[in-house]
Amino acid sequence: HPVFGLSWAAVWPAEGETATYRVTRFDGSTADLPATIDYGVEFRGRTLDRLVVGTPEPGNEGWAVYFDRSEPWVLAVVASEIYYPEVGSGPGFTESFEEPVRFDGNLDVGETYEVESTITLEFEGGASESMGVTYRMTPATIEDSVTVPFGTVDGVMRLEAAVGGELIGGTFFDVVLWLHPDLALVRFEGAPAWDIIELVDPWA
């Protein structure tokens, strides 16, 4: 990496490692859920990698995000699935992108770039809807500190994004991620499944 001096492969947890994240639901309640990363999984005819928080199975609480990381320091998000305990027949909600949304880790701090795509929202029962979506992304700092249940973590990169466009009537809402070269995802505000995700136990 041009700033951290790491290899792209070194920042990813090894196959079989797990972590624990505390999720804050939209009603303010919390839960500590296990996390895994699965490499080389099949999703709708493509071979991708997948981050899982919780249990992505019908009748459970969980989130699975599918991505392509074949280009160093670029994370191309293809789709995500959200599972709810009250839905026993499959994902309660799925979102997929016509063109993957690329999070580019090579950008300079403060540099903003914009990605446009078409998002398809699929709901329980088979209904679906497609619309335009815009992501405006800015690496805000690489020297941030953030306090999560794991503790206070220094030297994190804070990535800010504004998400909107046709998806929410032309307005935007904010998404913020805190990433660390040794701990991977430390905090995530605005994730599709929950309000906040925070690291409790690191990957091991």
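Ring pairs link Trp8, Trp12, Phe67 and Trp73 into a cluster. Rings of Phe, Tyr and Trp (its six-membered ring) are taken as paired if their centres lie within 6.5 Å; planes under 30 degrees apart are stacked, over 60 edge-to-face, and the rest tilted. The model is predicted, so local features need pLDDT of at least 70 and side-chain atom pairs count only at pLDDT 80 or more, while totals for chains, interfaces and linings use all residues. Residues are numbered from 1 along each chain as its sequence is written, and side-chain values use heavy atoms, with hydrogens and water left out.

Nine aromatic pairs are counted by the ring rule. One of them, Trp12 with Phe67, is stacked, at 5.5 Å centre to centre and 20° between the planes. Because Trp12 lies in the segment before β1 (18-24) and Phe67 in strand β4 (residues 62-68), this pair ties together parts 55 residues apart in sequence. Strands are DSSP runs (E, at least two residues), numbered from the N terminus. Both Trp12 and Phe67 are buried, where buried means under 20% relative accessible area, exposed over 50%, and partly exposed in between (1.4 Å probe, protein chains only).

Phe93 and Phe123 form a tilted pair, 5.5 Å centre to centre with 45° between the planes. Phe93 belongs to strand β6 (residues 93-104) and Phe123 to strand β7 (residues 113-123), so the pair ties together parts 30 residues apart in sequence. Phe93 is buried, at 17% relative accessible area, whereas Phe123 is partly exposed, at 36%.

The charged end of Arg69 sits over the ring of Trp12, 5.0 Å from its centre; the criterion is NZ of Lys or CZ of Arg within 6 Å of the ring centre and within 35 degrees of the ring normal.

Definitions and conventions
Helices (H or I, at least four residues) and strands (E, at least two) are DSSP runs, numbered from the N terminus.
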